[in-house]
Amino acid sequence: MTQETAQTAATTQHATILSPQTPQAPTRIPLEREAFGFDIVTELPNSPHGLGRGGRRHGRTGVIHTPHGDIRTPAFVPVATQATMKGVLPEQMKSLGSQCLLANAFHLFERPGEDIIDAAGGLGRFMNWSGPTYTDSGGFQVLSLGAGFKKTLAMDTTGLKSDDVIAKGKQRRAFVDEDGVTFKSPLNGSEHRFSAEISMGIQHKIGADIMFAFDELTTLMNTRRYQEESVERTFRWAKRCVAEHQRLTAARADKPYQALFGVVQGANYEDLRRLAASEVGSLDFDGFGIGGAIEKKLMGEISAWICDELPDSKPRHVLGIAAVDDIFAAVENGGDTFDCVAPARVARNGAIYTHDGRWNVMRTAYKTDFGPLEEGCDCYTCQHYSRAYVHHLLKCREMTGSTLATIHNERFFVRLLDGIRASIDNGSFDDFRDATLERFYRNGSRG
RNA sequence: GGCGGGUUUCCCAAGCGGUCAAAGGGAGCUGACUGUAAAUCAGCCGCUACUAGCUUCAUAGGUUCGAAUCCUAUACCCGCCA
């Protein structure tokens, strides 16, 4: 081979590797509203131990249909806030079994701006994720930027005072009023305004398959009186979200239908949760979100109260949970989907989920451990890399370490939810739950 | 050979008579992370019988009520001049 032909061959191969698939021109595929729907496959039998009215349980398997594909439920939705899973390519997320991803309207509004995502052909095309997508409304930032971002979700409020949790004065970066919320950007301090209409406008441009109504997320430290006001305010915002959503849907018939989920708040109060659920549940939403900081031991009860009031025919998403026992409690009492940053964030900080609990691979003990992160795990990381290697990468703060750990943790939740679905369908849910929880928490593991 | 600068707890580096077991970093150890202000954050980081005591600031002497800090000698290290 001459030098010249060798060079040509190399160039050709290079081009092939770099662009096996060039980004496609932004075009939209028209889809009917009917592209969104929910079918229930199997329901858990009612039991005297059920937490709902009359010992009722709400747990079920099902399928959510979206314009970008189906989601078999119960399902875990990994969080890709900035239109990316931190450290993991969409192709990897797909191959590890993630069915869908959730991004954040507030972050994408700040950067790159919803118009750019719209011009790119929508969130999925922008980030090269062909499956279903969700966006959060920015409601979570009402709390994280408003109350102060530490301890705000503290599930165990024992010994905490409101001063420990709720930011004051200049530290506060979000201010709620009847019409909406004023945010001070964490990026540059500039002020932005979010309201039901603004959030809907942004989320419609981002173009996720499932959107959330703009809600107010309170902390467990707020007073009962404030929680009451907040639930009513969130309900008024919900009605405005539905109206604006319908207007925008009619105005852009060329786009795939985007479903809208209303969010149920009410903190730890049964009457408020039931009130919020029946109010929000009466509106023309495609599904519902169960939101708010929830005291850990009340996960099941709260889900049951809400699902008692919500229509059974629509899917319910429990926002922001990933503790293994929380997921079981939520599934058993009616949750269909769940999202959480935890598997990814915790992975970046070295914590590895296994069926025998969560442990930290950065500990010295794993420096020379050449076994997989979890014995018997079928994830890409466990198939190819050792604890010692992941330990080394994370210690060196090499980004590949985050990638490998995140792949494992996300796969853990895919497998967990696969197991949950199978156990509901074959009638062994209670046994599966008991065995899984006993094993996971046997050694006092968190998570 | 001459002159000058330096040697601080694992590493880098403050300290320049008492408030110093000795600032900051880094490394190390442990923990936390729940709709991502998070590749972040917190605690520990000389020894012990730890609301106190003990042994440390190159080594050995000395001055002083008191020294990592001042003096002398020694050993290394780094400059510049020969």
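In what order do the 3 strands of the open sheet stand, and is the pairing parallel or antiparallel? The strands follow the order S1-S2-S3 with antiparallel pairing, where strands are DSSP runs (E, at least two residues; helices, H or I, at least four) numbered from the N terminus, and two strands pair if DSSP finds at least two bridges between them. The structure is a predicted model, in which local features need pLDDT of at least 70, side-chain atom pairs count only at pLDDT 80 or more, and totals for chains, interfaces and linings use all residues. Residues are numbered from 1 along each chain as its sequence is written, while chains are lettered from A and ligands numbered from 1 in the order in which they are written.

Strands S1 (37-43) and S3 (69-73) each have a single partner strand and stand at the edges, so one side of each lacks a neighbour in the sheet. S1 is joined to the antiparallel strand S2 (residues 60-66) by 6 bridges; Ile 40 has Gly 62 in S2 as its bridge partner. Helix H16 (residues 399-425) lies across S1, S2 and S3 and runs at about 120° to S2 (angles run from 0 to 180 degrees between N-to-C directions of axes fitted to C-alpha atoms, for helices over the stretch in contact).

Helices H11 (residues 299-309) and H12 (residues 324-332) pack at about 25°, their axes lying 8 Å apart. The two helices are therefore roughly parallel (angles under 35 degrees). In H11, Met 299, Gly 300 and Ser 303 meet Asp 326, Ala 329, Ala 330 and Glu 332 of H12, contact requiring C-beta atoms, placed from the backbone, within 7 Å.

Note on methods:
Parallel < 35°, antiparallel > 145°, perpendicular 65-115°, else oblique. Contact = placed C-beta atoms within 7 Å.
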